[in-house]
Amino acid sequence: MLGGGLLYNSVAVIKGAPGTGKSCIGMEYISRGIIQHEEPGLIITFEEFPRQLYRDAVSIGFDLRAYEKDNKLRTIFTTPGVFLREIQQPGGIFDRTIEEISAKRVFVDSMTQLERITQDPVQLREIMYTFLNGLLRYEITALVTQEDAFITGNMSVAEAGLSYIVDTIIQLRYVEISSSIERALIVLKHRASDHDKSIRRMLITSSGIEIKTAFEGREGILSGNPYVTRRLKRAEEFFK
Ligand SMILES: Nc1ncnc2c1ncn2[C@@H]1O[C@H](COP(=O)(O)OP(=O)(O)O)[C@@H](O)[C@H]1O
Ligand SMILES: [Mg+2]
């Protein structure tokens with residue numbers, strides 16, 4: 001869907017309501033880097049205790065603890081304020097950890113927690129900018145998450161301008177179909193490449209994320225309440 005993948009030394013954001021699968025995608029991104037591409041990874045989490053993170057990763061088939069023992073992974077569990085200070089400081093915990101394992105991939109969960117530092121949108125935007133630039137001082141590719149306030153319906157790109165700073169935006173959505181909830185994944189923005197514009201089904205399984213075919217024959221997926229598209233043309237052909 002990304003026409004070749006994430007851009008080297010860039011930042012991608014995964015947006016979505018709680019439970020849509022943001023953390024799962026991030027953990028898989030880091031895990032696949034380690035297992036398949038010899039790219040050590042760093043997870044910075046403001047939300048979950050490492051213990052909980054390990055447990056969540058196991059449920060989608062990845063053993064973060066083993067990668068950590070192998071010195072292919074580090075996790076930092078801290079507050080946004082502390083981390084913002086560290087990231088601007090040469091020789092701080094961020095610098096040391098990246099260098100220690102030669103990390104190539106970084107996952108930050110979640111940027112929404114930076115809102116705890118300030119309520120002022122202008123200042124928040126500056127903080128996000130400082131934060132992301134701090135990340136990109138190294139030869140790494142970063143994936144960050146941002147929580148959507150709405151479960152379905154409204155989509156906002158206002159959120160402190162993160163969408164304008166990042167190179168790639170991946171949107172996760174809940175979709176109600178025939179009285180059950182499904183997940184959708186959309187690439188909204190991907191700099192410097194032609195990306196897949198379709199809205200695809202996404203599954204979370206015990207062996208990771210699976211991206212399926214597009215939602216065919218339905219309109220209004222982004223509203224969260226799609227309706228079946230009338231296939232008048234087909235019917236006309238049928239009765240010819
Ligand atoms: N093995 C699995 N099979 C199916 N669903 C799973 C599995 N493991 C976790 N999930 C689902 O993934 C969701 C959590 O995703 P998560 O990435 O934590 O969401 P977010 O970070 O967007 O809040 C939960 O709804 C959980 O039920
Ligand atoms: Mg999460």
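# Exercises on a predicted chain

Take the contacts in the chain between residues at least 6 apart in sequence: 68% of them join residues at least 24 apart, where contact means heavy atoms within 4.5 Å. The model is predicted, so local features need pLDDT of at least 70 and side-chain atom pairs count only at pLDDT 80 or more, while totals for chains, interfaces and linings use all residues. Residues are numbered from 1 along each chain as its sequence is written, chains are lettered from A and ligands numbered from 1 in the order in which they are written, and side-chain values use heavy atoms, with hydrogens and water left out.

## Exercise 1: The whole chain

Work out how many helices and strands the chain has, and what its radius of gyration says about a compact globule.

**Solution.** 
- Step 1: Check the radius of gyration. For 240 residues, a compact globule would come out near 18 Å, and the chain has 19 Å, so the two agree. That radius is taken over C-alpha atoms, and the globule rule is 2.2 Å times the number of residues to the power 0.38.
- Step 2: Along the principal axes, the C-alpha atoms fill roughly 75 × 40 × 35 Å.
- Step 3: Buried residues are 49% of the 240. Buried means under 20% relative accessible area, exposed over 50%, and partly exposed in between (1.4 Å probe, protein chains only).
- Step 4: The chain exposes about 12,400 Å², and carbon and sulfur atoms supply 51% of that. Such areas come from the Shrake-Rupley method with a 1.4 Å probe; for residues, only the protein chains shown count as cover.

## Exercise 2: Around ligand 1

Find which residues are closest to ligand 1 and which element gives the most to its shell.

**Solution.** 
- Step 1: List the neighbours. There are 14 residues around ligand 1, and the closest are Gly-19, Lys-22, Ser-23, Cys-24 and Ser-59. To be near, a residue needs a heavy atom within 4 Å of the molecule.
- Step 2: Sort the shell by class. You get 5 nonpolar, 7 polar and 2 charged residues. Here Ala, Val, Leu, Ile, Met, Phe, Trp, Tyr, Cys and Pro count as nonpolar, Asp, Glu, Lys and Arg as charged, and the others, Gly among them, as polar.
- Step 3: Trace the shell to its elements. Both α1 (22-37) and β8 (200-205) supply at least two residues, and α1 gives the most, with 3.
- Step 4: Check distances to oxygen atoms of the ligand. A backbone N or O atom of Gly-19 sits 2.7 Å from one. A polar side-chain atom of Lys-22 is 2.8 Å from an oxygen of ligand 1, and for a polar side-chain atom of Arg-183 the distance is 3.0 Å.
- Step 5: Ask how covered the ligand is. Taken alone, ligand 1 exposes 580 Å², and the protein buries 63% of that.

## Exercise 3: Ser-110 and Ile-34

Is Ser-110 buried or exposed, and which residues does Ile-34 touch?

**Solution.** 
- Step 1: Ser-110 has 1% relative accessibility, so it counts as buried.
- Step 2: Leaving out residues up to four places away in sequence, Ser-110 touches Phe-46, Glu-47 and Thr-145.
- Step 3: Turn to Ile-34 in helix α1. Its relative accessible area is 12%, so Ile-34 is buried.
- Step 4: With that sequence cut-off again, Ile-34 touches Glu-39, Pro-40, Gly-41, Tyr-67, Lys-72 and Leu-73. Ile-34 and Tyr-67 are 33 residues apart along the chain, but their C-alpha atoms are separated by 7.5 Å.

Definitions and conventions
Polar contact = N/O pair within 3.5 Å; in protein donor to acceptor, adjacent residues only side chain to side chain. Helix = DSSP H or I, 4+ residues; strand = E, 2+ residues; numbered from the N terminus.
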